[in-house]
Every structure is written in structure tokens, then in C-alpha cells.
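The sequence and the model are shown first.

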Amino acid sequence: MKAFIFSILLIITLGEDCLAQKTEPGLNGSLTAKENLKKIIVYGSDTCHYCIDTKAYLKSKKIDFTYYDVDVNLLKQREMVIKLQKAGISLDNLSLPIVDLYGKLIMNNTDFEDFLKKLDTTKN
């Protein structure tokens, strides 16, 4: 699964650099990018149990979020890759889900319980 996602991300990245494709509107400082800072976006896969558990956790805490299956929605997969690149996060050890928490990217690359605690916006 990780190898498949990495391969797709690599192809998208190389294609963007080599073919000078335009980035998606909203990723270059427009109003859409500013609106994205006001919500939680989860990039995942419906075949990833961590992604499914993350969605369930957010729902149980009644935290509003938007979910994108990056295996199906290639535009959102590309959006995720661009955000990771802009944040200086390596794509070498990509681990889903990737959560855009009000503009801060959080990746599930540590203990899953710690990852979930970072998402709990109900705590102050």
C-alpha cells in the first residue's frame, strides 16, 4: 500500500516538475488556501485502518473535518503532495493519514494514540 502511494506521489511530483503543470487553484495564496486554515482536512485511504480509525475518532469527539480518499481522488492526492512539499516534509516515509489541522500538517508516523491526541481540538 505504501509503495503504491509512494509510486503515485513520485509520478505526480516528477510530472509536475518536468511538465511545468500548474498547481491547483487555492494552493498559491488565494482565498481558498486561507479558508483551508479554518478547517481540518484528513487525507487518507478507505483501505487504511489507521485512516478509518482516525475518522471514527474525530466523529466520536464531534470534531468537524473533511475527508479525502487519496486513492480515488487524484486531485486531492496532488493537493496533499504539494502541501507536504511546501512544508518541507519528505515523501520518502509517507504514512497515512495526513491531517491538515488548521494549516499544520500532522502525519501518523509515531504512536497512533499520540497521533490521535494531537487531533483533539476539544482540549484547550
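## Packing of α3 and α5

Helices α3 and α5 are oblique to each other, a class left for angles that are not under 35 degrees (roughly parallel), over 145 (roughly antiparallel) or 65 to 115 (roughly perpendicular). Their axes, in α3 at residues 49–60 and in α5 at residues 112–119, cross at roughly 40° and come within 11 Å. Axes are lines fitted to C-alpha atoms, for helices over the stretch in contact, with angles from 0 to 180 degrees between N-to-C directions. The crossing is right-handed, that is, the near helix is turned clockwise from the far one by less than a right angle.

From α3, the contact (heavy atoms within 4.5 Å) involves Tyr50, Asp53, Thr54, Tyr57 and Leu58, and from α5 it involves Phe112, Phe115, Leu116, Lys117 and Leu119. By class, seven of these residues are nonpolar, one is polar and two are charged. Here Ala, Val, Leu, Ile, Met, Phe, Trp, Tyr, Cys and Pro count as nonpolar, Asp, Glu, Lys and Arg as charged, and the others, Gly among them, as polar.

## Basis of the model

The model is predicted: local features need pLDDT of at least 70, side-chain atom pairs count only at pLDDT 80 or more, and totals for chains, interfaces and linings use all residues. Residues are numbered from 1 along each chain as its sequence is written, and side-chain values use heavy atoms, with hydrogens and water left out.

## Overall fold

The protein chain has five helices and four strands, in the order α-α-β-α-β-α-β-β-α along the sequence. These are DSSP runs numbered from the N terminus, helices being H or I of at least four residues and strands E of at least two.

## Nonpolar cores

A nonpolar core is a set of buried Ala, Val, Leu, Ile, Met, Phe, Trp, Tyr and Cys residues joined through side-chain atoms within 4.5 Å. In the largest one, of 15 residues, Tyr43, Val70, Met80, Leu84, Leu94, Leu96 and Ile98 touch the most other members. At least two residues each come from β1 (40–44), α4 (74–86) and β4 (104–107), and α4 gives the largest share, three residues. Apart from this core lies another of twelve residues, including Tyr57, Val99, Ile106 and Phe115.

## Cys48

Cys48 lies in the loop between β1 and α3 and is buried, with a relative accessible area of 11%. Pro97 is 49 residues from Cys48 in sequence, yet 8.1 Å from it in space, C-alpha to C-alpha.

Notes:
Buried means under 20% relative accessible area, exposed over 50%, partly exposed in between (1.4 Å probe, protein chains only).
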